[in-house]
Amino acid sequence: MLLDINASVGHWPFQHYNYNTCRSLMERMDSFGVDKAVLSNLNGIFYKNTQSANEELYHELASDKSFRTRFIPFAVINPIYAGWKNDLEICVTRYEMKGVRIYPLYHDYDLIDPACIELVKMARDKNLIIALTCRMVDSRARSWMDINTEWALKNIMPLIRAVPDAKYMILNAANGLDLNDNDLELVRKSDVLIDTSGRSLSNPGEILKKFGTNKFSFGTHSPILDYLTGLLRIESLRPSEADEQTKEKIRSGNAIRQLGI
């Protein structure tokens, strides 16, 4: 089974992308043999009120029964926008969303802002996953209107240190996975999944040894990145680096466990 933990629909204002609707993404999933995908709405990064994007995603998923069997929706929540707690409650109880994607760089707040910490703790208490993206697009080729800041894994650690018992997905880790010994041990102990879309996983065999086989899961960062590279990082593992059971954990097993599906 293949479960993509990093996919989106919606529009990127600075560049046109294909496969950015549920229908077209599902066709792409079918062509690559992907069974399910964790899904959020890119529009929520740029809307002043992120709940509008969550509503859009909910209605698009409701438009075809097959979508609900293939997609696992995550809400986009901005904890410094008024009414976010009510939005979160609606996303969980009415829209049945399984996690929250946060974008501190785009929504302009510090990762350990008290409001962000409160959101993460609320997500933890509701058994939701918090998903953070290290890089949306390569800042070297960005529009002049886009942000020019990218994260490495070490930049996310202050939040994991603050709320170590929450569930985290770290997506498109393109700028390094280096950690000090204390933070590395914390990641090993915490419920953290790193998706395979980021270029920092260019030597996946060594990274599996460093972090453990239960810390990685297939992800594409679709529609922004190509749909194949995240999978090739799994399938290219040599038998000495990962047996078939380990590969299956990365393809879907680790995500199924964390998502509780």
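I looked up the largest pocket and got a volume of about 210 Å³. A pocket here is an open set of points, on a 1 Å grid over the protein atoms alone, where a 1.4 Å probe fits, with protein on both sides within 12 Å along at least five of seven lines. The volume is the space filled by probe spheres set on the points.

This is a predicted model, in which local features need pLDDT of at least 70 and side-chain atom pairs count only at pLDDT 80 or more, while linings use all residues. Residues are numbered from 1 along each chain as its sequence is written, and side-chain values use heavy atoms, without hydrogens and water.

I listed the lining (residues with an atom within 4 Å of a point) and found 15 residues, with Gln15, Tyr17, Val137, Asp138 and Ala141 nearest the centre of the largest pocket. The lining divides into eight nonpolar, three polar and four charged residues.

Next I checked helix α9, residues 181–189, a DSSP run (H or I, at least four residues). Asp183, Leu184, Leu186 and Val187 are buried (under 20% relative accessible area). They cover an arc of only 160° around the axis, so they sit on the same side of α9. Asp181, Asn182 and Lys189, on the other side, are exposed (over 50%). The cover over the buried residues of α9 includes α8, β7 and α10.

At the start of α9, I noted a side-chain oxygen of asparagine 180 within 3.1 Å of the backbone nitrogen of asparagine 182.

Last, I looked at methionine 145, in the loop between β5 and α8. Methionine 145 is exposed, at 53% relative accessible area.

Terms used:
Nonpolar A, V, L, I, M, F, W, Y, C, P; charged D, E, K, R; others polar. Buried < 20%, exposed > 50% of the residue type's maximum accessible area, 1.4 Å probe, protein only. Helix = DSSP H or I, 4+ residues; strand = E, 2+ residues; numbered from the N terminus. Arc of directions from axis to C-beta. Contact = heavy atoms within 4.5 Å. Polar contact = N/O pair within 3.5 Å; in protein donor to acceptor, adjacent residues only side chain to side chain.
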